[in-house]
Amino acid sequence: MLKNLRTLRKYFRRYRRGMLAGVLFLLFCNACEVAIPPVIGMAVNSLRNLQAGGQLQGLKGVVDLTGYAPLQGIVFLVLAVIFVQLTRAVFSFLQRTFIVRISRRIECDLRVDYFAHLQKLPPSYYDNVKTGDLMARCTNDLLAVRMALGPCLMLIFNTLFISAGALIVMLVVKPDLALYVMIPLMVLPALTGLFGGPIRKRFQKIQEQFGDINIACQENFSGIRVIKAFVREEHERKKFRALNREYAIKNIALAKVRALFRPLLFLIVGIAFAVVYWMGSVKVIAGVMNIGELIMFEMYVGLLIFPMVALGWVVVLLQQADASMGRIKSVLEQSPTIFDRAEAEPLGDVAGEIESRNLTFTYPGCERPALAGVNLRIAAGSTVAIVGPAGSGKSTFVKLIARLYEVGENRLFIDGKDVTKVRLKDLRAAVGFVPQETFLFSDSIAANIKYGAPDADEEAVRRAADVSQISADVEQLREGYAQILGERGISLSGGQKQRVAIARAVILDAPILILDDALSSVDTHTEERILERLRDVMKRRTSIIISHRLSSIQYADNIVVIEDGRITEQGTHAELMKGGGFYAETYKRQQLEDSLLDL
Amino acid sequence: MMNGRGEKDFFEDEALGKAFDARLVKRLLKYLRPYKWRVVLAVFLLLVISNSMLAWPYVLKRIVDILTSKDLTAAQQMNSVGMLTVFFAGLILIRFAADYVSTITVNIIGQNVVYDIRTQVFSHLQRMSLRFFDRNPVGRLMTRVTNDVESLNQFISMGVVTTFQDVFMLGGILIWMFAFDVRLTLIIVVAVVPFIVGLTLWFKAKSRSAYRAVRMRLARINAYANENITGMNMVQLFNRQEKNRDRFSNLSRDFRGEWFRAIFYHAVYFPGIEILGTVAAGVIICYGAAMYLGASISTASLGTLIAFLGWIGMFFQPIRDLAEKYNVMQAAMASSERIFKILDRPEEITNPAKPRPLRGFKGRMEFKNVWFAYNDENWVLKDVSFTVEPGRKVAFVGATGAGKTSIINLICRFYDIQRGRILIDGKDIREIDKYELRKNIGLVLQDVFLFSGDIRGNIRLGEERITDEKVAQAAEHVNAARFIERLPGGYRSEVQERGATLSVGERQLLSFARALAYDPSVLILDEATSNIDTQTEILIQDAVEKLMKGRTSIVIAHRLSTIRKVDNIIVLHKGEIKEEGTHEELLRKGGIYYRLYQLQYRDINGRRMRPVEEPERVAIDPPLPDTDYGEHEWQ
């Protein structure tokens, strides 16, 4: 039981002392709480005696108040109660601060560890999981685990200390009454545990229904054109009303359980009080108990309600937390597949020669290989263009160079060194990569450009922006390079984003630059200017450019056509045009397209 | 218990604003009107509950008074205490029943109101024009219908109803206390209550700001994590792991720091309240002592003093609850404001009050100098005029963004034009019933949108008059029956995940069947451009021919086979009609059509550029349907 939560032991160990102190403070705090009812009881007894014209009365064998002057004695008792309460307040403050803070610390540690682990997992892992699932683990699941660390732990000790303390005092004072009172109180945790399941189940059903409503809305709003075209509005309304009605019904089903649960708790608490009132009164009338003790019992019942209810609650919370921890663990236990081998060596200075030898690659879970037997040598300092139909394996090839996916040994070499045997960090630092799908972070433009070179100065940022033809756009912004992008800032057009992404790669000044169809949203004119500037910057460096627009890559030293994972043509523009294959066809076609645009 | 909604809301912007707006509240309360008797019942039951709570200390008082009485014999005491215990038992039973019934009643009211509002909002959205949907992202509209309405539930159950309970409790406590000892009550009200209220208000203000900070920090953490997960490739390519981890760690620590602040307020408030309670108890005890020692301040019995201890203990919860209301009200005001804004939005494409009848619909369509823009003056169609005679088939061709899709949108009156006229059977499109018009048109869109549900439901779209037989006939006619019948569930097969299990070609055929099932007099077809395997392609070509047969048809053609079958081809270029004629005429002309033809319809050496797509891999997320319609992309 609770196997998954045991993983947390190593986190606990870090805060062992603090935790111990917290529990100790909790113990003191609870001791004060348990001490208050007897003191109040004494005060009541003393008042009773004063009322009857008698003496003050202490607690038999504990406090003897016979020597005190009446008023003095009462004041002493009141001050004692207030003193105990103040002490309790201090310890209560301390225990909360210690225990809850530590739970937050562990939560924080766990969250950071989770995040750090995610960073180690390769793209192939992310291809098969949903971001939402990964997010849920560090939000809702972590929340549930935190509940087990803080509140649950606190409640467990709280229940333990208070019930033990109260029970001992009650047993000392009136053992039989103590036992009778405990009977209904013992029902409380059982009741909470009993209702916990159904309440959670019904709550989940509501959540699911809410999800269905969400989906229905999304579907309706996304398909609104079809709905309007076929005049289905009335039908959609009917459908939605049914879903909505079902949601109300499920909510009321939950309300029915809850409506029973809470009043039932009160009822049982009420029974415990009734026991005290009736049996206590009988004892008082019989003269074996005094009013103060009756009041003390009454207060203890009040004191015990919450810890008893909490006990049942704790069980439910712990189960949830364990399940959540299991989900978090399943990610933490994923082993990274792309990492530095023990014998990984530094890459050193890179000239930029890239060679693939009979390179075959299949995406995990796929049957057809994305690349099949690719042999290609890219000379250091040359510019190579890769073209071909979508899905032919162009992107895969360049991704493998950066070792985003794992290739076998002795397949892919940079400067003659096997990419799987050099330090990953060095390899990636040697490659400036502009991916097909531009991803920018919601940070300033400058921060995005110097993403891979955090120490770059303003001048370098501007130069990179200049090369990628984004500088003019940026200077038009009021905030310039400090402008924040993304949800909380401005959104750039697709072409602008691509140009920022190019600047981000250019600033690295890496020996190898890869543009993976990175100019698709840039207009032809700008594309040509960018490539022209790049040619300047990339002198004596290796560039690989994947493009669909053939006019802009004519100048490349070597043009490689990949179709269906194989190299089908290779050569310069002039050579390929003579060949009359894919390249020549596509080139002619694109010329035709361009002529149409000029009309 | 854990609140499932809590975390989700953290992602949303903090909506801050007034906690009370008389105009909004008045309008919200209107939704309670249909349930006014239930509301009355709930309020009455709350009154019962609070009084049964308040009578509790009174029972204790009576017991203590009896036990301390010098005049009663033991038997009499037993008798009286017995009666009181029975009375007490009755009290807790009544409370139990009242609590049970009132909880259910309040929930029924809340759920009904939520149901009413949500249905109304959804229903209203169905009337909104496509322009409205273009401008409002699906996510935002979803939030209105789901979360915003949900927070109104809070308003009903926590805002309206429990306010009564809190007020009843506070008022009740004071009344009971005053009834038994005016002086003691006054002392307590002056000496303790202000501190309770003060401390509670302090706590609420502080913790509210702390929680707001907590939520903001959490939103930041989550946004950062989300971004890093989606952009993990970039993180790894640019060797950013350590830097980002540090940043994340800092964000997490900030978040933790805000929690520490919230913990501090909690750690001060709750013990503080206990101290105040003890001070009150001390006051009561000293008061009693002084009284019994001869100060003639009161004649309260010991029981009364003990009852006071009980009532004081009940003071805290309602005060805390009332302070809590602020948040609930604030959220409700913000949500209701957003909801009412949608409800107050008039229908853009209004139906004429007295539509001209479309009886004997022929399907003559005429555009007269039509100018149209999706926004402002970015003209998508410029001075477009053409006529489609009943029974004729017309094809529109042009490059992407030429304005073809807009023509379709206008014929269906999804948008209203800025200049010119559109006539249907000689009547202005704005003077006829738009629903009537659309019922006469069968629209087949390029991107086939499938609804969750089975194949049959997707053909029938909920129209009950279309029988299963008719569905099957339609499917048979457009060559869809064959693949449908091959599916494991036949017509009952679920269309999973937005049609992920059906190929593009199959979805296309399905949408043909959908159009045919409605047997429209006019067919509008936006042909898909995507690559389809040869076998299905033949089926589609055949189906298109059958669909057009005997119907006035407007086709945005991408297939040579289709173009060959139409009577007239209209060439659109950058929003203007440039050429018009038959296939042969236009080819001979050697203009735009000639080039388009070479580009789109004649496969070069049988090879066609495939549309850009991801490398074939396991489908992870089903693609969301495109909400931008052609024209927007290039504006």
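Predicted model: local features only at pLDDT ≥ 70, side-chain atom pairs only at ≥ 80, totals over all residues.

Colleague: Which residue does A:Lys283 meet in a salt bridge?

Modeller: Its partner is A:Asp176, and the N to O distance is 2.5 Å. The two belong to distant parts of the chain: A:Asp176 lies in helix H6 (residues 175-222) of chain A and A:Lys283 in helix H8 of chain A, 107 residues apart.

Colleague: And A:Asp176, how does it count by relative accessibility?

Modeller: A:Asp176 counts as partly exposed because its relative accessibility is 34%, which lies between the 20% limit for buried and the 50% limit for exposed.

Colleague: Moving to chain B, where do B:Asp148 and B:Arg338 sit?

Modeller: B:Asp148 is in helix H6 (residues 138-180) of chain B and B:Arg338 in helix H12 (residues 316-343) of chain B, 190 residues apart. They form a salt bridge whose closest N and O atoms are 2.9 Å apart.

Colleague: Is B:Asp148 buried or exposed?

Modeller: Buried, with a relative accessible area of 3%. B:Arg338 counts as partly exposed, at 27% relative accessibility.

Colleague: Which residues do salt bridges with shared partners join into one network?

Modeller: A:Glu458, A:Glu459, A:Arg462 and A:Arg463 are joined in that way. Over all chains, the count comes to 55 salt bridges.

Colleague: How many salt bridges are found across the interface of chain A and chain B?

Modeller: Five. One that can be named is A:Lys238 with B:Glu464, whose closest N and O atoms are 3.7 Å apart. On the side of chain A that touches chain B, helix H8 (residues 233-286) of chain A gives the most, with 32 residues. That side divides into 87 nonpolar, 30 polar and 37 charged residues.

Colleague: How many residues does the contact take from each chain?

Modeller: Chain A contributes 154 residues and chain B contributes 152. The area buried between the two chains is about 15,100 Å², and carbon and sulfur atoms give 69% of that area. There are also 25 residue pairs in polar contact between chain A and chain B, counted with both residues at pLDDT 80 or more.

Colleague: Changing topic, what is the radius of gyration of chain B?

Modeller: Chain B has 36 Å, whereas a compact globule of 635 residues would have a value near 26 Å. Along the principal axes, its C-alpha atoms fill a box of roughly 125 × 65 × 50 Å.

Colleague: How many helices and strands are there in chain B?

Modeller: Chain B has 23 helices and 10 strands. Of its 635 residues, 54% count as buried. Among its contacts between residues at least 6 apart in sequence, 79% join residues at least 24 apart.

Technical notes:
Residues numbered from 1 in each chain as written. Chains lettered and ligands numbered in written order. Heavy atoms only, no water. Contact = heavy atoms within 4.5 Å. Buried area = accessible area lost by both parts, 1.4 Å probe. Salt bridge = Lys/Arg side-chain N within 4 Å of Asp/Glu carboxyl O. Polar contact = N/O pair within 3.5 Å; in protein donor to acceptor, adjacent residues only side chain to side chain. Helix = DSSP H or I, 4+ residues; strand = E, 2+ residues; numbered from the N terminus. Nonpolar A, V, L, I, M, F, W, Y, C, P; charged D, E, K, R; others polar. Rg over C-alpha atoms; globule rule 2.2 N^0.38 Å. Buried < 20%, exposed > 50% of the residue type's maximum accessible area, 1.4 Å probe, protein only.
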